[in-house]
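Please look over the model below before reading the notes. The points that follow are set out by topic.

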Amino acid sequence: MEGLSEKLASKLHKYSVLPFEDMYGTVSPLDAFVFTNYIFFLIIAFVATLVFFVVAANKTALVPKGIGNLAETGVEFIRNLCVDSMGKEGVKFVPFIGTLFFFLLFANILGLIPGTLPATGTIGVTAAWAVMVFLLYNYIGIKKHGFIGYFKSFVPSGVREMGPLGKWGMGSFIFILEVLGHFLRPLTLAMRLFANTFAGGMILGIFGIFVVLGVKEISAIGLLSSGLSLVMLVIMYAFKLFVGVIQAYIFTLLTTAYIGGALHADEH
Amino acid sequence: MLFEEFAYAAEAASDQGASISIIPSLAEIWPSLFAFAVLFLLLKKFAFGPILNMLQKRSDTIRESLEKAEETKLEAERLLEDYKAQLAEARAEAAGLAEQSRKIAESMKDEIVAQANEEAALIIARAREAVEAEKKLAMAELQGSVAALSVSVAGKLIGEKLSEADHAKLIEKYLAEVGSFNDN
């Protein structure tokens, strides 16, 4: 089936990182100044998020309605998320967490429009934000508890109170595990979001290919597979919408949990 | 079967040079960080700040309104108690006034009746006195005229045969009889 492999290759190609103005060019990891296809859609998501919130913020009133009400509900949701995982001081992180969540949300959802790409479907964007979160929460932890205090909290207080063997032997083992765990956090954050978004896009693309190929066959089996693929395509679109929201939420929720953990590092 | 075909196709596609890069590209790292930073600053200033302020303002307003409503309610209850107390006082006062007026009226009535009785008694007494005086006068007059009449009748009956002394005796006797009448 020659058509399938070609179409699949072209789909894969379309989803890879390409220079925006040249679909047939390549982008190597060290090219710093190439305007890529994903960055184009990142800017679209940027503008959409900005316009939505600036318009909504000007529509807020003591008795809210319409878009102002919608934005307020979103901000309230973020505020509750922050306060739940960071306590009262979480309120000052609302702008950061809110930007993260809504930027991710707009990027994910806008990427569902046929012909567009989700900005979070490339490892470059998700890794950058994951590393940013990693640096931020460690900075917060060190700033609050001091360098020594923060790293000391990696070893649970129960182990710290053991005898010398437990304290230094088991303590250092746990410390190494804990450090590894912290370094895995940005990796998993970046991979989870990227893989979900990218795979979702690929699945939609593949079902799309099946719909077209089935129709071309002009046989009962072909039409049946085409019809079933169309049904799956619709279901997958709905699922992708769900995944887009859930992934934005998970990324944000984990970020608040990491910041909360760094703020309250002395409590465990 | 479809799956096998698909696996073959994927392999063929990969042979054609299609691949997914999982190495982040610098071309995406700095623009996404930059975009995030700019969006963060803009949203903080123009969206989240104002919206958070509005949320705070609203919760303050609602809390204040509730507190005010509670205060107003307490004030209203206090006023109601006041008015009830005042009303009860006014009622008691009115009842007192009515009672007082009734007593005054009662005493005035008694006084008036007593005065009237006194006056009536006085009038009756005066009337009696007047009647008594009239009666005495009439009696005296009657005595005089009876005597004269008797003398003239007796004179006519017995003629001139009575002496002056007899005449006087007879009158006295007669008068005594008439006086005994009068006593009755």
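Which residues gather in a patch of negative charge on the surface? The notes take this up first.

1. The patch is made up of Glu70(B), Glu71(B), Glu77(B) and Glu81(B). Patches take residues with over 30% relative accessible area and no salt bridge, like charges being joined within 9 Å and nonpolar side chains (Val, Leu, Ile, Met, Phe, Trp, Tyr) within 5 Å. Lys and Arg count as positive, Asp and Glu as negative, while His and the chain ends are not counted. A charge is placed at NZ of Lys, CZ of Arg, CG of Asp or CD of Glu. Glu70(B) belongs to helix α2 (residues 26-158) of chain B, and its relative accessibility of 42% makes it partly exposed. Buried stands for under 20% relative accessible area, exposed for over 50%, and partly exposed for what lies in between (1.4 Å probe, protein chains only).

2. On provenance: this is a predicted model, in which local features need pLDDT of at least 70 and side-chain atom pairs count only at pLDDT 80 or more, whereas totals for chains, interfaces and linings use all residues. Residues are numbered from 1 along each chain as its sequence is written, chains are lettered from A and ligands numbered from 1 in the order in which they are written, and side-chain values use heavy atoms, with hydrogens and water left out.

3. Chain B has three helices and zero strands, in the order α-α-α along the sequence. Helices (H or I, at least four residues) and strands (E, at least two) are DSSP runs, numbered from the N terminus. Chain B has 184 residues, of which 14% count as buried.

4. In helix α2 of chain B, Asp60(B) and Arg63(B) lie three residues apart, about one turn of the helix, and their side chains form a salt bridge at 3.5 Å, N to O. Asp60(B) is partly exposed at a relative accessible area of 24%; Arg63(B) is also partly exposed, at 45%. A network of salt bridges links Asp60(B), Arg63(B) and Glu67(B).

5. A further salt bridge joins Asp82(B) to Arg78(B), 3.6 Å from N to O. About one helical turn separates Asp82(B) and Arg78(B), because they are four residues apart in helix α2 of chain B. Asp82(B) is partly exposed at 32% relative accessibility, and Arg78(B) is partly exposed at 43%.

6. In chain A, Glu76(A) and Arg79(A) form a salt bridge whose closest N and O atoms are 3.8 Å apart. Both residues sit in helix α3 (residues 66-86), three residues apart, about one turn of the helix. Glu76(A) has a relative accessible area of 34% and is partly exposed.

7. How many aromatic pairs are there over all chains? The count is 27, where rings of Phe, Tyr and Trp (its six-membered ring) pair if their centres lie within 6.5 Å, with planes under 30 degrees apart called stacked, over 60 edge-to-face and the rest tilted. Phe207(A) and Phe210(A) are edge-to-face, because their ring centres are 6.4 Å apart and their planes stand at 85°. Both are buried and lie in helix α8 (residues 164-217) of chain A, three residues apart. Ring pairs also link a cluster of Phe52(A), Phe53(A), Phe77(A), Phe101(A), Phe102(A), Phe106(A), Tyr249(A) and Phe48(B).

8. Phe20(A), Phe35(A), Ile43(A), Val47(A), Val51(A) and Val55(A) make a nonpolar surface patch of about 460 Å². Val47(A) is in helix α2 of chain A and is partly exposed at 40% relative accessibility.

9. Tyr38(A) lies in helix α2 (residues 37-58) of chain A and is buried, with a relative accessible area of 0%. Its C-alpha atom is 14 Å from that of Pro114(A), 76 residues apart along the chain. Thr122(A), in the loop between α4 (94-110) and α5 (123-145) of chain A, is buried at 2% relative accessibility. Thr122(A) and Tyr15(A) are 107 residues apart in sequence, with their C-alpha atoms 8.5 Å apart.

Conventions: Accessible areas come from the Shrake-Rupley method with a 1.4 Å probe; for residues, only the protein chains shown count as cover. A salt bridge is a side-chain nitrogen of Lys or Arg within 4 Å of a carboxyl oxygen of Asp or Glu.
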